[in-house]
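Could you keep the sequence and the model open side by side while you read my notes?

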Amino acid sequence: MAKDRYRSFLHDEPENIQWRHGGPPTYDAVNKLFEQGRTKEWPEGSLEEIVQNAIKSWEMELSHKTRLQDFKTINPEKFKLFVNGREGLSGEETLKLGSYNALLQSSLPEDLKPYKVDEETFESSHEVFRSAFPRGFAWEVIKVYSGPPEIAFKFRHWGFFEGPYKEHAPTGKMVQFYGFGTVKVDDSLKVEEVEIYYDPAEMLGGLISGKHPNHPMEDGTKSSPPSQECPFSK
C-alpha cells in the first residue's frame with residue numbers, strides 16, 4: 001500500500017492497533033478530491049503544511065481507531081474539544097460520539113434540527129455523510145495565524161452532494177464551509193485542546209436543498225423518491 005502523503009501515522013503503526021474496520025483506511029478518493037479542489041498548495045515543510053497534515057492525522061485517528069491509547073496525535077489525559085463555544089468534550093467523549101456528532105451538536109429546538117445528534121450513533125453518523133459525499137469531504141488550511149504552542153488557523157471543508165442525505169435527493173452541487181480553529185499543543189507537539197468555530201448551516205443547508213419525497217413541488221405535486229440505481233452505473 002502506498003504511503004499517504006497527508007496522514008503521517010497511517011502506515012507506521014504497530015500490529016496491535018485496534019482499527020474500527022479491521023485495518024488502516026485508504027484515502028485515495030478524498031485525496032484526489034483535495035488535490036483537485038484545494039485553493040492553497042503549501043510548500044513542503046511549511047508551518048501551514050504541518051498544521052494541515054496534523055489535523056488530517058488527528059481526524060484519521062478519531063474516525064478509525066477505537067482506543068484512545070492508540071492515538072499518537074493527542075495527549076489523552078488533557079485533551080478537550082470545544083465547538084462553537086459549547087462545553088468541552090474529553091477524548092473519550094469525542095471518540096464515543098465521533099467527529100460528525102461532536103461537530104454538529106446544536107441548541108436548536110428538535111423540530112428545527114436538520115441533523116439530530118441524539119438519534120445518531122458513531123457508525124450511523126459516518127454512514128449518513130459517506131452516503132451524501134461518495135468522494136469524501138475534503139479539508140484544507142487556508143491560513144495559519146500563529147505557531148505552537150497555540151496554533152490559530154482558518155480552514156475550508158468541501159465535498160460534492162452526489163448521494164442521498166437521509167431522504168433528500170443529491171443535487172451534485174458543491175457543499176462547503178469555512179471556519180476558524182485553534183490548537184494547543186504540549187512540548188512534544190501532542191494536542192491538548194482544539195477549538196473550532198464555524199456555521200453548521202453552511203453545510204447542512206446545502207444538504208437539505210435536495211428534493212424531499214414528502215415536500216410538494218411548485219406545481220403542487222410531490223417529488224418522486226430518489227432513484228435506487230447505483231450512482232456509478234451511468
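The numbered points below go from the overall fold to strands, helices, charged pairs and surface.

1. Ground rules. This is a predicted model, in which local features need pLDDT of at least 70 and side-chain atom pairs count only at pLDDT 80 or more, while totals for chains, interfaces and linings use all residues. Residues are numbered from 1 along each chain as its sequence is written, and side-chain values use heavy atoms, with hydrogens and water left out.

2. Overall layout. The chain has six helices and six strands; helices (H or I, at least four residues) and strands (E, at least two) are DSSP runs numbered from the N terminus. Their order along the sequence is α-α-β-β-α-α-α-β-β-β-β-α. Of the 234 residues, 42% count as buried, where buried means under 20% relative accessible area, exposed means over 50%, and partly exposed lies in between (1.4 Å probe, protein chains only). Contact here means heavy atoms within 4.5 Å. Among contacts between residues at least 6 apart in sequence, 61% join residues at least 24 apart.

3. Two strands pair if DSSP finds at least two bridges between them. β3 and β4 run antiparallel and are joined by seven bridges, with W139 facing its bridge partner H157 in β4. The hairpin that joins β3 to β4 passes through three residues. Next, β4 and β5 pair in the antiparallel sense over eleven bridges, and F153 has G181 in β5 as its bridge partner. β5 also pairs with β6 (residues 191-198), again antiparallel, over seven bridges; there V183 stands opposite V194. The β5-β6 hairpin has five residues between its strands, and L189 in the turn has a positive phi of about 65 degrees.

4. Two faces of β5. Which residues sit on the covered face of strand β5? In this strand (residues 174-185), V175, F177, G179, G181, V183 and V185 make up the covered face, while M174, Q176, Y178, F180, T182 and K184 make up the uncovered one.

5. I55 belongs to helix α2 (residues 47-64) and is buried, with a relative accessible area of 14%. Leaving aside neighbours within four places in sequence, I55 is in contact with W139, F153 and V183. The C-alpha atoms of I55 and V141 are separated by 9.2 Å, although these residues are 86 apart along the chain.

6. Helix α6. In α6 (residues 200-207), M203, L204 and L207 are buried. They cover an arc of only 85 degrees around the axis, which puts them on the same side of α6; the arc is that of the directions from the helix axis to the C-beta atoms. The buried residues of α6 pack against α5 (122-132) and β5.

7. Salt bridges. The structure holds twelve salt bridges, each being a side-chain nitrogen of Lys or Arg within 4 Å of a carboxyl oxygen of Asp or Glu. One of them pairs R5 with E35 at 3.6 Å, N to O. R5 lies in the segment before α1 (28-37) and E35 in helix α1, so this pair ties together parts that are 30 residues apart in sequence. R5 counts as exposed at 62% relative accessibility, whereas E35 is partly exposed at 35%.

8. Two further charged pairs. R156 and E140 meet in a salt bridge at 2.9 Å, N to O. This pair links strand β4 (residues 150-160), which holds R156, to strand β3 (residues 138-146), which holds E140, across 16 residues. Both R156 and E140 are buried. In the salt bridge between E110 and K113, the closest N and O atoms are 2.8 Å apart; E110 is partly exposed at 38%, and K113 counts as buried at 16%.

9. The surface. The chain exposes about 13,200 Å², and carbon and sulfur atoms supply 51% of that; accessible areas come from the Shrake-Rupley method with a 1.4 Å probe, and for residues only the protein chains shown count as cover. Y145, F180 and Y197 form a nonpolar surface patch with about 300 Å² of accessible area together. Patches are made of residues with over 30% relative accessible area and no salt bridge, with like charges joined within 9 Å and nonpolar side chains (Val, Leu, Ile, Met, Phe, Trp, Tyr) within 5 Å. F180 lies in strand β5 and counts as partly exposed at 33% relative accessibility.
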